[in-house]
Amino acid sequence: MSAAAGAIDNQREGSFAALGNVFLTRLPAAPLPAPYVVGFAPDVASMLGFDASLASAPGFSEFFSGNTTRDWPSTALPYASVYSGHQFGVWAGQLGDGRALTLGEAEHNGRRFELQLKGGGRTPYSRMGDGRAVLRSSIREYLCSEAMHHLGIPTTRALCVIGSDQPVRREEIETAAVVTRVSPSFVRFGHFEHFYANDRVDALRSLADHVIDRFYPACRDADDPYLALLNEAVLSTADLIVQWQAVGFCHGVMNTDNMSILGLTIDYGPFGFMDGFDANHICNHSDSQGRYAYRMQPQIAYWNLFCLAQGLLPLFGERYGEAERSERAVQDAQRVLEGFKARFAPALEARMRAKLGLDTEREGDDQLANKLFEIMHANRADFTLTFRNLSKLSRHDANGDAPARDLFLDRAAFDAWATEYRARLSHETRDDAERAEAMNRVNPKYVLRNHLAENAIRRAKEKDFSEVERLAAVLRHPFDEQPEHEAYAGLPPDWASSLEVSCSS
């Protein structure tokens, strides 16, 4: 363990921690009794420059539970950062890392990553919480963050899950766990909102400079570097939501404090990949109003970007005179925010063409995709299997339609759509085999369905972690056939419809 411990530095120049105490509070993690390894991602270890055998090293679970931090010097302790945010559309005021502690940074091959313990105990920002995460939610975050990465979707990563038999009260008594999250940065929209709300323009500027210098240095060449930073957030967020929509992923709690300034999927809580397609699907049982339903995600992302723009507003327009600065800054911000729509719609249309195996662009392609979604919604056709099985359709012969057609109760509606689809495919130059190969590179066969995660969790509660690792291995190759794991790609069992996830973890 000395190799990993020695490689992690939370005082490095240019790091978030170097911004100073107004941004964070240093403290040790709360002790976690008798910790043990639940899951470990060797490829994440390799990304960090650690050996793949790290998990078997003496002291691994003690270190990544946070237990050793009690002995760290006070100036090098892990830290929790402060931020604010809008939660379910309402200003919540000061929030912060209520159960997350950043150990520091690891640098490898010229890339720097922050390592953060989620579930490390109470912090000054816990707001009456116990600072703990439970085994259930930690396994879900571990599996999903890695699954999203291998789907090609920007995300935080997960190095490991450490469990303990320490009881934690939620709706029922559960056991504690700590997941080690990995990201270039954990800066959120809410960080900027916090310093704007507290009229700390100096700290707001320092934070924006940190993000620009570390992640968007080209912004320095712009007429207004801070407006350029907003533009980067707009574009990266639009691209992220396109990818969520394209795989049927629902985040569940898109509060501004859960939005990454780098356009990463962050804070896996009540998320879910849809089984049967429902445009109004709400994956978060706590979301009684459906604010974060699947169809709402693009609109909510856009709204959240407005909140970010407001948080950055005091920094905009420095090139203008004082008399016109305020008005011009607002106009500039509004113009940049409109870039979300300009980016999102064409990008989603392009992604849908790829999912349908269309190599060229023709008028009516968006209507063809929309009609498919309409009949999928009406029939609750399985999202992942519908697109995967469309690759089996022949543009000359309907006899091979069964794998996709059988997902629809209204066969006539599917047949009518398939006729239109074949007519569109007649304008393509690729043959069926080439098209199928291309479609299978963008339409996953394996996603983290709720019942698959639940199976792994139930076994893990009995101290059998083999299913966690088996499922993680399957999800590392979501586009491959993997015939030995065919069961992981099947329709969910009936009992899966009763599973609920909420903000409680």
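Predicted model: local features only at pLDDT ≥ 70, side-chain atom pairs only at ≥ 80, totals over all residues.
**Entry 1: a word I need**

Buried means under 20% relative accessible area, exposed means over 50%, and partly exposed is in between.

**Entry 2: Glu 105 and Arg 12**

The side chains of Glu 105 and Arg 12 form a salt bridge, with 3.3 Å from N to O. Are Glu 105 and Arg 12 buried or exposed? I looked, and both are buried. Next I asked where each one sits along the chain. Glu 105 belongs to strand β6 (residues 100-108), while Arg 12 is in the loop between α1 (2-7) and β1 (24-26).

Why does Glu 146 count as buried? Its relative accessible area is 5%, and the cut-off for buried is under 20%. Arg 157, at 7%, is buried as well.

**Entry 3: Asp 278 and Arg 380**

Here I found a salt bridge of 3.7 Å, N to O, between the side chains of Asp 278 and Arg 380. Both ends are in loops: Asp 278 between β12 (272-273) and α8 (297-312), Arg 380 between α11 (365-379) and α12 (383-390). The two are 102 residues apart. Asp 278 counts as buried because its relative accessibility is 17%. Arg 380 has a relative accessible area of 42%, so I wrote it down as partly exposed.

**Entry 4: a network**

Which residues are joined by salt bridges that share partners? I listed Arg 12, Glu 105, Glu 107, Arg 112 and Arg 214, which form one network. Then I looked up the count for the model, and it comes to 44 salt bridges.

Last, I turned to helix α6 (residues 201-215) and helix α7 (residues 225-247), whose axes come within 10 Å and cross at roughly 65 degrees. The crossing of α6 past α7 is left-handed. From α6, the contact uses Arg 205, Ala 208, Asp 209, Val 211 and Ile 212. From α7, Pro 225, Tyr 226 and Leu 229 take part. What kinds of residues make this contact? I noted 6 nonpolar, no polar and 2 charged.

Conventions. Residues numbered from 1 in each chain as written. Heavy atoms only, no water. Axes fitted to C-alpha atoms, helices over the stretch in contact; angles between N-to-C directions. Helix = DSSP H or I, 4+ residues; strand = E, 2+ residues; numbered from the N terminus. Left-handed = near helix turned anticlockwise from the far one by under 90°. Contact = heavy atoms within 4.5 Å. Nonpolar A, V, L, I, M, F, W, Y, C, P; charged D, E, K, R; others polar. Salt bridge = Lys/Arg side-chain N within 4 Å of Asp/Glu carboxyl O. Buried < 20%, exposed > 50% of the residue type's maximum accessible area, 1.4 Å probe, protein only.
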